[in-house]
Amino acid sequence: MEQLTALIIQKVPALAVAPWAVTLLLIGIVAFIILQFAMVFAGFGTYLERKIAADIQGRIGPNRVGPIGLLQFLADGVKLILKEDIIPTAADNHLFRMAPYLIFTGSFAAFVVVPFGFSLIAADLNIGIYYVMAVTSLVSIGVLLAGWASNNKWSMLGGMRAAAQIVSYEIPVGMALIPAVLVAGSLSTQDIIRSQGGFLGIFGWNLFHNPFSFFSFFLYMVAALAETNRTPFDIPEAESELVSGYNTEYSGIRFGFFFMAEYADVFVVSALATACFLGGWQIPFFNAASLPAVWANLLSLGVFMAKALALVCVIIWIRWTLPRLRVDQLMRMSWKYMVPLTFFNFLGVSLWVLIFKGKGIPQLIASIFG
Amino acid sequence: MVDLVFVLLSMLTVVSALIVAGNSNVIYSAVGLLFTFMGVAGLYVLASADFLAATQMLVYVGGILVLILFAVFLSNRISDSKLSNPTHMRVPSAIVCIALFGLMSHAAVNTEWAVKTGVEYAPTTAVLGRLLMTKYLLPFEVVSVLLLAALIGAALLSRPESGKAACKPDMEEGK
């Protein structure tokens, strides 16, 4: 960021009187781009979800607005903005208004460390993964407040369930990401991806590094699915029990915020899984650093988005094929199975890294053949 | 620039702390606490303690504040301020507060603080980890054993009496 500011001031000397304004402007532009991406992805996510759901259930899905219904999400967005924003008289006015913003902030702040490409990242924080865990804890507060402020039994129950679920599954999610951190020796998302490059191609991925990290990927996907409150873990909004859970009383664009946050979460989960286990933006058998900067960024962006979107499709596919769990089954699964398994994995990876000096199975095999 | 950010963050911290102390509705106090925690996390970032800031958010916002909110929601008629937040013993508490304020401002003004100029924003996680595993290993382990004991105790207390309840709800363990 400082280099970019210096470059701009060098090009336009008139700006040298206020370098902080240039920095602020650059930060604003980056934030705007990231926010726009998240918004458009949320819209595209709803379209994808409806199309895949329709295919799975033998229906057609949205096909009226634009070619094959591609502009449906714009129509939905306009509808949500134009609709009346109803605040129930019995609701707590301030908290009811604030809750969607908290959830929205918590979900979207995670995009800061999503590594889109070779050098395409809003801020390569050195606590990247840990930062994501920290900011997403705002979501549980937002969900609780939304449930309580609505002053409605269903909302309240949904909010309580959601918060209990998010708090419980935060532990397995964090522990399941640890193997990638241990192998890379860094919490930064870019460092983790860089550690998965090299001559081995896809076998350089953390997924194939050792048996524990292979298992960890699946544990992460299951736990993260639960943390985003999606089927088969969608008991906070279970339509058949709670109408719509914590967002029952919301309408208009505030309801839209809940939906955007949900799809933003889905993308962040897929992006983190891609970065930590599937090699991120590494172009197989190519060293991105040796390509011209534009091509390296474009190619790596393409590779990253392809992997992340494939995982998004898997998450949607799971939602429309599995029934949902019961509340007690959900809690039992978290505390009796997921947490011990992730702890076991943590121990296993630590020992592996210690014994084999950080080398993975593919590297060990490669070293046998010289 | 940094000074401006510092002023804004401290204002956020202090104003929301005043809301925590002064508001008659417990829920609003809890929400005020959320912004206090966020302000303090921001101050940590300014002091180049990024790991500490994230831990602050994770533990206090994601854990402790959620527990506080659970406790508040589960109590009945919570928004009735006469029940939830009554004021007792104004004179003694005012004396204690003024005395404490005097003591702390005296300490803050008269202590010779080690001032460090030109703070560099270097990664702290590696150093922290090394210190926790070498110099501070014993305190670290003692604290973890204490927390584990608290965890087991909570699980034991929330367990229904054996024999009385044949079908115990598994949900209890999740709390």
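Is Asp191(A) buried, partly exposed or exposed? In this predicted model, Asp191(A) is partly exposed, at a relative accessible area of 31%. Its side chain forms a salt bridge with that of Arg194(A), with an N to O distance of 2.7 Å. Arg194(A) is likewise partly exposed, its relative accessible area being 44%. Both residues belong to helix H8 (residues 189-194) of chain A, where they sit 3 residues apart, about one turn of the helix.

Over all chains there are 4 salt bridges. One of them joins the side chains of Glu49(A) and Arg319(A) at 3.5 Å, N to O. Glu49(A) lies in helix H2 (residues 19-56) of chain A and Arg319(A) in helix H12 (residues 293-319) of chain A, so this pair ties together parts that are 270 residues apart in sequence. Glu49(A) has 3% relative accessibility and therefore counts as buried, the cut-off being under 20%. A network of salt bridges links Glu49(A), Glu262(A) and Arg319(A).

Helix H2 of chain A also holds Arg50(A), which pairs with Asp76(A) in helix H3 (residues 72-82) of chain A, 26 residues apart. Asp76(A) is partly exposed at 21% relative accessible area, and Arg50(A) is partly exposed at 36%.

Helix packing is the remaining topic. Helix H5 (residues 128-135) of chain A packs with helix H6 (residues 137-149) of chain A at an angle of about 10 degrees, their axes lying 4 Å apart. H5(A) and H6(A) are therefore roughly parallel to each other. On the H5(A) side, Met133(A), Ala134(A) and Val135(A) meet Ser137(A), Leu138(A) and Val139(A) of H6(A). This contact comprises 5 nonpolar residues, 1 polar residue and no charged residues.

Definitions and conventions. Residues numbered from 1 in each chain as written. Chains lettered and ligands numbered in written order. Predicted model: local features only at pLDDT ≥ 70, side-chain atom pairs only at ≥ 80, totals over all residues. Heavy atoms only, no water. Axes fitted to C-alpha atoms, helices over the stretch in contact; angles between N-to-C directions. Helix = DSSP H or I, 4+ residues; strand = E, 2+ residues; numbered from the N terminus. Parallel < 35°, antiparallel > 145°, perpendicular 65-115°, else oblique. Contact = heavy atoms within 4.5 Å. Nonpolar A, V, L, I, M, F, W, Y, C, P; charged D, E, K, R; others polar. Buried < 20%, exposed > 50% of the residue type's maximum accessible area, 1.4 Å probe, protein only.
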